[in-house]
Amino acid sequence: MHETHFKVGPASFRVGSVWKEIIDQIEMLYASYPKPKLTDYTVTLDAIRPWRRFVRPSVAINGDFMLPDAAPLPLSHGLLGAEMGVNLQMALGWRRQLILHASSVEKDGKSLLMSGESGSGKSTLSAILGHRGWRFMGDEFALIDHDNGFVMPYPRLISLKNQAIETLKKEAPHAQFGPLMKDTPKGDIQHIVPPAQAIRKMEQGAKPALLLFPNYGYDAEIREMLPSEVFMRLTQASANFVGLGETGFNTLKHLVLDVPTFEIAYQNGDEAEAMINQLWEQL
Amino acid sequence: MANRYKMRNVSNLILQHLDYMSLLYDRQSGITHIIAEPAPQIIEALGHDAMKPSQIERILKKQYDIQAFEDGNSDSFEEIIAARLDEFVALGLAEKILS
């Protein structure tokens, strides 16, 4: 078994696999991340049957927390398997903060949260803004601190899907990209290493100042949202709200009461950036 | 004679007003209920006591302009209160004390 260790924000992982090529890819892309002495979670990428390590190799994702019916992936999608395994540990196991399925960026010590369904553009927008004067904090999970309500970074590798791959190659041509994985269950996927300062400052949280629900592909529009609607949307967007009980309720309640929230519809990254800047200046 | 209603374990409930909706977190079940007017006002009027819908109506009519609730509703305000209380009972948040 080959293995590697890395830390993303407050969480540390050990990833092991029978295939050295998967671990080599992870080590290359996570080279600038801290190597923890202790690990919170273990993820293993195993062959679904011992002989399938060599014959039509299929990767089964296992770990401390696992979904028994998770479909195996072909070896060429092994990196995606590692990402899915790591996400699963956070979604099912993490209790130290409230986890929101949201991207986040920071400017002037304040953070912008973006939540929404897959395909809303939250991940791509955070990646773009991370190259346009904002500090990238995370493209998938925003961790909300129970004590002070700060957004804590979780700057894992940014997972680009379909058109977002070309968008980011134009935006950040010198960034480090992982292998292109074609025709995965989520379409074409390619990972990009976040900007260096995102990893360097990954233990530095920021008070949330603005929450957006982006909607990619619609005519430009900005709509203010009421706290009750935001609360409903964020309970659906949280991986651990129910499990956290009263602590999670209080953390989410303060977030929706304190942070102005808007839904924005947009056709491209420039249009979204202009709306974001407009809302940010009004704070 | 109308039945009386009482909230179960009021100390286990957290009521938080947001806008036209309010949150009601039940520590015992861990469930967050999102409730609309006049449900939060009924909970506040009841407090720790057992009351008939007509008693709650009297309290709320002193505190609020009830016209807004009655407009467009074929039910009387007392019937609206009784319906909300029966929903609380069904959710395990209140108990009905049969007279």
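Predicted model: local features only at pLDDT ≥ 70, side-chain atom pairs only at ≥ 80, totals over all residues.
Local features were taken at pLDDT of at least 70 and side-chain atom pairs at pLDDT 80 or more, whereas totals for chains, interfaces and linings use all residues; side-chain values rest on heavy atoms, without hydrogens and water. Residues are numbered from 1 along each chain as its sequence is written, with chains lettered from A and ligands numbered from 1 in the order in which they are written.

In chain A, an open sheet of three strands has the order β11-β13-β12, with antiparallel pairing. Helices (H or I, at least four residues) and strands (E, at least two) are DSSP runs, numbered from the N terminus. Strands pair if DSSP finds at least two bridges between them. β11 (158-161) and β12 (181-184) of chain A each have a single partner strand, so one side of each lacks a neighbour in the sheet. The twist averages 35° from one strand to the next (axes are lines fitted to C-alpha atoms; angles run from 0 to 180 degrees between N-to-C directions). Four bridges join β11(A) to β13 (residues 187-192) of chain A. I158(A) has I192(A) as its bridge partner in β13(A).

Chain B holds an open antiparallel sheet of three strands, in the order β5-β1-β6. Its edge strands, β5 (50-51) and β6 (94-97), each pair on one side only. β1 (residues 4-7) and β6 of chain B pair antiparallel over four bridges. In β6(B), E95(B) is the bridge partner of K6(B).

K253(A) lies in helix α8 (residues 246-258) of chain A. Leaving aside neighbours within four places in sequence, K253(A) contacts F231(A) and Q16(B) (heavy atoms within 4.5 Å).
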